[in-house]
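Let's take a friendly walk through a protein model, one piece at a time. Keep the picture at hand and look up each part as we come to it.

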Amino acid sequence: VTDNEVTTHDHIGPEGNVNSNIMDRNLKSLKPESVWARFAEIVRIPRPSHSEDKIRRYLVEFAESHGIEHCVDEAGNVYMRKEATAGMENRMGLIMQAHVDMVAQKNKDKEFDFENDPIDAYIDGDRVTADGTTLGADDGIGVAAALAAISSDTLAHGPLEALFTATEETGMDGAFGLKPGLLKGDILLNLDSETEGELYVGCAGGLDANVRLPYKAAAAPALGYATLCVNVRGCKGGHSGIQIICQRANANRLLFRLLRQISRLCDMKLCSVDGGGLRNAIPREAEAVIMVPDGDVAKVKSTAAEFLKTVTAEFAGIEDSIAVDVTDAEPCGEIIPDDVAARLMAAMVACHDGVARMSTAMEGLVQTSNNVARVVSDGEAVTINMLMRSSVRSEKEALADSIDAVFTLAGAEVVFSGGYDGWNPNMDSPILKTMIGMYEQLYGRRPAVTAIHAGLECGIIGGKYPNLDMISFGPTINYPHSPDENVEIESVQRFYDFLIHTIENAPEK
């Protein structure tokens, strides 16, 4: 399908009916054309984290075709630079920064290969979204905006740089690998925020928890047991930093609550579990294969139905599509030993998930949280992956200690990795004051100034370049890190106009 093609698509509605909708894929018809033209190209380039060679090649070819000075560093970051235009040599140097990778999430029934397939992006009213997968507007729109600006032949600017960082979504590898001396500018404009009209001046730090509960598989009962698949699905999911405040359901947690209830009703055997996905995505789906006595099947299905009613009521106004299914499954040859399964279920129910503490310094900001992101068995161990976030290092460490205690008591091995500190807000930042005034001048209202409960690269880059003044902003992206991800078209125009206005009016040195 070409960028300009409009096709008919069968969309399954909430009642299961099939509606024929026209899907307009002509992103290049949108404004600002220079940004959407670049984004239309970017979405066609597979770029999940750790598979970024194609997008790097695109960026290098783009720089070469526009005569822009560029290089690729050892960490896989792509850097571009342009000298100031005539009369702007005395302006502070600006560095536009965005990350090239995207979160790879899809609906369970969607066949899609993120390593090779282009994102099927289309216009849906006043938004752009994708068909059954993440869109990659996080941070593809930031990349597109930076490319549009640095390649412009009409933009008046001081020294202008663009830094496109690698593997941000799964460890911020590019930011960590950035070497001092590459960047020349004075001000970093991070283009990775997701609410237009807000200026971000701080972010949370993060820490990964890697849990492994080993076991020696036991033989499954030979007779008298039915094999069932217990599936929790339909949760909204989303970004584990930005959407964690919404208190959405975590499919992994719901699954283990239900499994523990079933284990109290009958002699349940746990065969396998597979739930969630990426560390920074709130789990939308999780399933387990279990065995129960033949005579207890009806009771198990009734319990699952009652559990669905319970959680539907608990998440009323937050979740509207949670589903719990118990269906027949193929017989299992092996099970997780009963004592291991019991310890696993207890630890999963006891482990903290979601918001742990709100900030007292900034109203409405989550200070500390945890996302129980991935739970999977492989016949030898159950592996659990979590991502903790906090803008307060001591609270992050305390939460880690709590998680370590819970899973150590369950007999698991716990290893922490990928830790990074947050970005402490500087309310006296010169560029903050300048950009507040610019926004008011453009749009007649004061922008919100806030921090974000997510891991922006500013904290890491600022540690390597301590003299940088930094700020983060972007268009409005809804449901990032989920297949419902979409970007509001009008917000892209406002975001880009603000970026251009900032570049044209950069402070003097």
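This is a predicted model: local features need pLDDT of at least 70, side-chain atom pairs count only at pLDDT 80 or more; totals for chains, interfaces and linings use all residues.

In strand S8, Phe 164 is the bridge partner of Val 78. The bridge belongs to the pairing of S8 with strand S4 (residues 78-82), which is antiparallel and has five bridges. S8 also pairs with strand S5 (residues 94-99), this time in the parallel sense and over six bridges. Here Leu 94 has Leu 160 of S8 as its bridge partner.

Is S8, residues 160-165, mostly covered or mostly open? Six of its six residues are buried, so the strand is mostly covered. Both of its faces are covered. Leu 160, Ala 162 and Phe 164 are buried on one side, while Glu 161, Leu 163 and Thr 165 are buried on the other.

**Helices around the strands**

Next comes helix H2, residues 53-65. Its buried residues are Ile 55, Arg 56, Tyr 58, Leu 59, Val 60, Phe 62 and Ala 63. An α-helix has 3.6 residues a turn, so residues three or four places apart point the same way. What do the buried residues of H2 pack against? Their partners are H1, strand S3 (69-72), S4, H3 and S8. That brings us back to S8, the strand we began with, which is one of these partners.

After H2 comes Gly 67, which has a positive phi near 65°.

Now look at how H2 meets H1. Two packed helices are described by the angle between their axes and the distance between the axes. The axes of H1 and H2 come within 11 Å and cross at roughly 140°. The two helices are therefore oblique to each other. On the H1 side, the contact is made by Arg 38, Glu 41 and Ile 42; on the H2 side, by Ile 55, Tyr 58 and Phe 62. Sorted by type, the residues of this contact are four nonpolar, no polar and two charged.

Helix H3 has 14 residues. From its first C-alpha to its last, H3 reaches 19 Å, close to the 20 Å expected at 1.5 Å a residue. H3 is mostly covered, with 14 of its 14 residues buried.

**Backbone details to look for**

Some places in the backbone deserve a careful look.

| Cis peptide bond | Omega |
|---|---|
| Lys 31 to Pro 32 | near 0° |
| Asp 138 to Asp 139 | about 5° |

Pro 32 sits in the loop between strand S2 (18-24) and helix H1 (33-42). Asp 139, by contrast, is found in helix H3 (residues 137-150).

His 481 has a relative accessible area of 2%, so it is buried.

**Two residues and their neighbours**

Let's finish with two single residues. Leu 432 is in helix H9 (residues 430-443). At 3% relative accessibility, Leu 432 is under the 20% cut-off and so counts as buried. What does Leu 432 touch, not counting residues up to four places away in sequence? Its contacts are Leu 199, Val 201, Asn 426, Met 427, Val 449 and Ile 471. Thr 383 is 49 residues from Leu 432 along the chain, and their C-alpha atoms are separated by 43 Å.

Gly 354 lies in strand S20 (residues 354-358). Its relative accessible area is 11%, so Gly 354 is buried as well. Gly 354 and Asn 250 are 104 residues apart in sequence, but 8.4 Å apart in space, C-alpha to C-alpha. Setting aside neighbours within four places in sequence, Gly 354 is in contact with Ile 244, Thr 368, Ser 369 and Asn 370.

Key: Residues are numbered from 1 along each chain as its sequence is written. Side-chain values use heavy atoms; hydrogens and water are left out. Helices (H or I, at least four residues) and strands (E, at least two) are DSSP runs, numbered from the N terminus. Buried means under 20% relative accessible area, exposed over 50%, partly exposed in between (1.4 Å probe, protein chains only). Two strands pair if DSSP finds at least two bridges between them. Contact means heavy atoms within 4.5 Å. Axes are lines fitted to C-alpha atoms, for helices over the stretch in contact, and angles run from 0 to 180 degrees between N-to-C directions. Angles under 35 degrees count as roughly parallel, over 145 as roughly antiparallel, 65 to 115 as roughly perpendicular and the rest as oblique. Ala, Val, Leu, Ile, Met, Phe, Trp, Tyr, Cys and Pro count as nonpolar, Asp, Glu, Lys and Arg as charged, and the others, Gly among them, as polar. The expected span of a helix is 1.5 Å times one less than its number of residues.
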